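Please read it alongside the sequence and the coordinates.

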Amino acid sequence: MRIVERINRDLLKPVLETSWRFYAIVVVCGAVVAWALFCWGWQLHYGIGVTGKRRPEFWSLYITNFVFWIGISHAGTLISAILRVANAGWRRPVTRCAEAITVFALLVGSMFPIIHMGRAWLFYWLVPYPNDRMLWPNYRSPLIWDFFAITTYLIGSLIYLYLPLIPDLALLRDKASGWRGRLYYILSLGWRGTETQWHRLEKAVSIMAIVIIPVAVSVHTIVSWDFAMTINPMWNSTIFAPYFVTGAIFSGIAALIVAMAVLRHVLHLERYLEEKHFSNLALLLLVMSLLWAYFTFSEYLTVWYANEPAEMAVFWSKVWGPYSPLFYTMIVCCLVIPVPIIAIKKTRRVWLVAIASLFVCAGMWLERFLIVVPTLGHPRLPFNWRGYSTTWVELSITAGTFAYFILLYVLFAKLFPIISIWELKEGRRHEEEIVVKSDDVEASAFQF
Amino acid sequence: MSQWGMVIDLNKCTGCEACVVACRTENNVPIAGEEQTVMGRQINWIRVERYWEGEYPDLKASFMPVLCQHCDAAPCESVCPVYATTHSPEGLNVMTYNRCVGTRFCANNCPYTVRHFNFFEPKWDAPLDQALNPEVSVRPNGVVEKCTFCVQRLHTGRARAKAEKRELTDDDVRPACVQACPTTAMYFGDVSNPESEVSKQGESPRAFHLLGELGTKPRIIYLKREA
């Protein structure tokens with residue numbers, strides 16, 4: 001069988017054929033999402049009091065989830081863009097699943113500032129729109145910066161996901177029928193695979209790849225400024241922006257590895273998502289783990305050495321106090337487990353790396369929690385110190401967003417090829433020098 | 001234009017919490033109930049912080065009433081995304097409840113932790129629901145609230161002075177906490193007038209700003225407790 005046909009067959013199979021696993025995942029995730037929606041309705045009806053929030057912990061799990069998901073969203077676009085700009089050949093099977101993570105993690109993450117609001121139905125007041133009272137949002141507030149940064153990143157990532165999808169959509173258009181055929185027909189924007197079209201597509205993709213990198217960096221920078229711009233102990237820190245960006249890329253790569261491992265197993269993509277891809281990404285993860293540890297160390301060491309009472313109250317609560325079990329779990333998940341697994345060549349296997357990545361995701365969620373809650377629990381006047389405990393509403397909504405993310409991702413993989421078919425073919429062509437005849441049946445999707 | 005400020009003499013504070021009760025009554029502060037209070041959802045626009053020194057039986061308690069410091073460089077104001085908390089020309093840090101969407105960013109960024117959030121719809125058990133102050137709006141579920149320096153009393157005082165065709169004096173305005181304090185530990189008035197009682201009290205060598213090192217320029221001056 002010719003390699004082009006095999007690629008088509010293997011990568012279109014998950015789109016064109018549906019197994020019972022797909023329905024099982026959709027039903028389970030859908031049920032969890034429905035429950036979370038009910039919980040949100042409950043919260044809207046009764047008030048934020050149904051969560052564990054209290055004075056002084058006005059922010060907690062929702063903001064933790066917000067920072068976590070926005071962090072996860074750095075997987076995709078940033079990694080895929082860097083690999084594309086660097087012209088790393090092994091990126092080809094990785095880029096689309098990474099870009100899809102970005103878009104869906106952003107969708108999930110950007111719900112949290114709204115869920116978190118006391119009067120969520122008024123969220124549009126943060127949007128600058130002309131109104132009869134001439135009232136604009138407060139541009140000095142980091143929350144407004146967030147709004148702009150996330151919107152920009154979401155639009156940018158959507159375009160960046162969509163552009164390289166067009167040739168594959170055209171291929172699907174020629175193979176699918178019914179409502180799907182019509183969907184692909186509309187989405188493929190009349191792609192015929194002419195030379196002009198390829199030229200324009202490649203130009204657009206390379207421009208987007210360069211543009212999206214500073215946008216992605218700015219997003220988590222601004223998320224970090226939600227904290228660093230305040231005067232709260234252990235929030236007001238100059239290194240928060242790079243610290244957050246590092247943590248974001250770190251957790252993003254981990255999420256990407258987990259997603260790839262699952263896709264590889266469930267969709268039988270062993271031939272495309274190879275050991276070398278996991279190995280390369282794992283090495284990237286290793287670098288980010290060490291970088292993250294370095295930032296964490298610098299952050300805590302300087303606080304400890306300066307020995308300011310307000311800062312030390314937060315410091316000790318994390319290092320030796322009530323939050324210390326979570327703190328050391330975070331260190332174990334983000335450093336102690338992944339580093340040896342990846343550093344030792346023998347253990348750098350797909351499933352071990354995926355398990356290490358799961359630990360990294362859990363550890364990074366804890367890291368976000370440990371940034372948000374202990375600081376708020378220890379304000380400067382110690383009379384107001386308080387511990388935190390959560391509720392079923394908060395936990396359900398948190399679980400719901402994980403289910404929602406999986407659901408969106410699975411639906412995406414069902415509708416669109418999760419590995420970029422044309423880029424893979426292009427890569428194989430470069431590697432194996434396959435001669436493509438001009439009367440190739442896949443001409444519409446594959447013509448240079 | 002008057003510039004409002006307050007002096008709190010910690011020598012005189014006995015920790016009786018009369019100010020807390022007066023404030024609740026004047027400003028329609030909702031009642032959280034025992035369970036929610038234990039969780040930290042009670043609202044106190046003014047609270048008496050109590051710090052213990054020594055070991056039992058040689059214990060010493062010191063009290064410090066803490067309310068919104070009406071900072072001239074207020075950290076809460078810049079972080080609000082919708083301008084729900086702003087500065088008035090008279091130096092008050094004011095809340096526009098209707099504008100608040102409940103991000104609670106202001107409450108996080110207040111170093112004095114004096115901002116409160118309505119975690120539920122406010123409620124008063126009978127007959128307290130019949131005793132609400134008509135001068136003060138009741139805050140809905142999901143918005144932040146805090147001390148206003150009894151801004152409704154400032155308005156009433158100004159209106160009275162205008163009706164009587166005279167200048168506004170410090171006697172026209174007295175927040176509920178100041179009025180209720182049995183030991184007159186609290187002074188309120190125009191800090192831009194050097195002749196006012198509050199200005200004179202603020203000259204004391206015992207004067208300090210709470211967390212003054214943060215540079216928030218509070219409008220409240222505390223007088224240090226001696227022994």
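Which residues in helix 4 of chain A are buried? In this predicted model, they are Gly76(A), Thr77(A), Leu78(A), Ile79(A), Ser80(A), Ala81(A), Leu83(A) and Arg84(A). Helix 4, which spans residues 76–85 of chain A, is thus mostly covered, with eight of its ten residues buried. These buried residues pack against helix 5, helix 7, helix 10 (195–228) and helix 11 (240–266) of chain A, and helix 4 of chain A is followed by Asn87(A), whose phi is positive, near 55 degrees.

Helix 5 of chain A, one of the packing partners of helix 4, also packs with helix 17 of chain A, at an angle of about 145 degrees and with the two axes 10 Å apart. The crossing of helix 5 and helix 17 of chain A is right-handed, and the residues that make the contact are listed below by helix.

| Helix of chain A | Residue range | Residues in the contact |
|---|---|---|
| Helix 5 | residues 95–109 | Ala100(A), Phe104(A), Ala105(A), Leu107(A), Val108(A) |
| Helix 17 | residues 392–415 | Thr401(A), Tyr404(A), Phe405(A), Leu408(A), Tyr409(A), Phe412(A) |

By class, the residues of this contact between helix 5 and helix 17 of chain A divide into ten nonpolar, one polar and no charged. As background, an α-helix has 3.6 residues a turn, so residues three or four places apart point the same way.

Between the chains, the contact takes 33 residues from chain A and 33 residues from chain B. On the side of chain A that touches chain B, helix 7 (residues 142–162) of chain A gives the most, with three residues, while the residues of that side divide into 19 nonpolar, eight polar and six charged.

Terms used: Residues numbered from 1 in each chain as written. Chains lettered and ligands numbered in written order. Predicted model: local features only at pLDDT ≥ 70, side-chain atom pairs only at ≥ 80, totals over all residues. Axes fitted to C-alpha atoms, helices over the stretch in contact; angles between N-to-C directions. Helix = DSSP H or I, 4+ residues; strand = E, 2+ residues; numbered from the N terminus. Left-handed = near helix turned anticlockwise from the far one by under 90°. Contact = placed C-beta atoms within 7 Å. Nonpolar A, V, L, I, M, F, W, Y, C, P; charged D, E, K, R; others polar. Buried ≥ 20, exposed ≤ 12 C-beta atoms within 10 Å, placed from the backbone.
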